[in-house]
Amino acid sequence: MKILFFLSNKFMQNDMIQALTSLKHEIDTFAYTFRNYEKDDFLAEKLEKKLKRSSYDAVFSMNYYPVISDVCAVCNTLYISWVYDSPAPSFLRFDQPTNRIFLFDHSECRSYRAQGYTNIMHLPLAVNAGRIDSLLSPMTERPDYIHDISFVGGLYNNYALNTLHLTESDYVLGLLQGFAAAQTQLQNVNILDTLLQSGAVTFDSSSYEDMRRHMLAETTHRERHLVLNYLAKQFCVDLYTSEPIRYETNIRVHGSVHYEKVMPRIFRNSRINLNLTLRSIVSGIPLRVFDIMASGGFVVTTPQEELFDYFEPDVDFVYYTSHQELAEKCRYYLNHENERFAICQSAYQKIKESHTLTHRLQELFSML
């Protein structure tokens, strides 16, 4: 296919272009910094002219952009969008006939398809394993570890309810923060919807979904601080983030790191890598899990339904359902090097065999 690939400063795009090219697709690129994802007349005019000048089979983007969807509909050009956020960042014009939208969260996909969006399909995320191997060399023996337990990611400080000024009522703010605190104690059950619909706090229909998103972000914010500080009372924890944290003595805070050049080194050279899934992701496997496994790293993660569809617990990954269980499993695997390394190797091989971008794009094109 002749594909116009949309460049928008997304961190996966170089890997995507390489994988598409390896599958013998002809790739042109189109770079633009958005003013507005939903309506941008300047972009629409430029893109429409480009599509009319050249005969493209499809436009491809990471994440979904309604303004691109509109132009593709006008030009009768296929628009392929692979969304790596959950929930999808924009819900507008999903149903345009030229759209082919791929969501990595099966639960979210099922919800849309139940509403009649037959052009929305499920596709798990994947990684460029070859790039990681070229950086680190293929995994054949145990690396030299520099960290016992590490976490690479944001703390969602800017999404905390007390910084968003969503309500002027201290009472309502306190209730919402209490709801989020309760949710942090449960991994397998979502109680936020029940609490938000209990009538304790009222919303109009247009604001409920926005508040739900804010509550999921608040829960993620609280959970990440809570887990890191809980572990730091028992272990040495290394945190890579651009955000400040009130930390225990055993948390060593580093700055954020480059996704392609540095992050894989941290994953391979940490005995345990934490994945603390965003609470907005219902069933899907976060990209971070694939990144860790492809780097030959050992991952301890919150449980996600789809992880059990593609990987085997205690063979490819380890999961926890409570903070106490997390600490117990960290202690166990820090003291059982052979078992931990065997899990690293098993996950690494499965990524190479079945979960590279090349594998996933072949699946994508088979569904068009």
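Helix α1 (residues 13-22) packs against helix α15 (residues 357-366) at an angle of about 65 degrees, and their axes lie 9 Å apart. That makes α1 roughly perpendicular to α15, a class that covers 65 to 115 degrees. Axes here are lines fitted to C-alpha atoms, for helices over the stretch in contact, and angles run from 0 to 180 degrees between N-to-C directions. The crossing of α1 and α15 is right-handed, meaning the near helix is turned clockwise from the far one by less than a right angle. From α1, the residues D15, M16, A19, L20 and S22 meet L357, T358, L361 and F365 of α15. Contact means heavy atoms within 4.5 Å.

This is a predicted model: local features need pLDDT of at least 70, side-chain atom pairs count only at pLDDT 80 or more, and totals for chains, interfaces and linings use all residues. Residues are numbered from 1 along each chain as its sequence is written, and side-chain values use heavy atoms, with hydrogens and water left out. Helices (H or I, at least four residues) and strands (E, at least two) are DSSP runs, numbered from the N terminus.

Now the strands. Two strands pair if DSSP finds at least two bridges between them.

| Strand pair | Bridges | Direction |
|---|---|---|
| β1 and β2 (residues 26-31) | six bridges | parallel |
| β1 (residues 2-7) and β3 | three bridges | parallel |
| β3 and β4 (residues 78-83) | five bridges | parallel |

Take β1 to begin with. Six of its six residues are buried, so β1 is largely enclosed by the rest of the structure. Buried means under 20% relative accessible area, with a 1.4 Å probe and protein chains only. Both faces of β1 are covered: K2, L4 and F6 lie on one side, and I3, F5 and L7 on the other. K2 has E26 of β2 as its bridge partner. The chain passes from β1 through α1 to β2 in a right-handed β-α-β crossover. Right-handed here means that, with the strands pointing away from the viewer, the path from the first strand over the helix to the second runs clockwise.

Which residue of β3 does F5 stand opposite? F5 faces F60. Strand β3 (residues 58-62) is mostly covered, with five of its five residues buried. A58, F60 and M62 are buried on one side of β3, and V59 and S61 on the other. M62 has W82 of β4 as its bridge partner. β3, helix α3 (residues 66-75) and β4 make a right-handed β-α-β unit.

Terms used. Buried means under 20% relative accessible area, exposed over 50%, partly exposed in between (1.4 Å probe, protein chains only). Angles under 35 degrees count as roughly parallel, over 145 as roughly antiparallel, 65 to 115 as roughly perpendicular and the rest as oblique.
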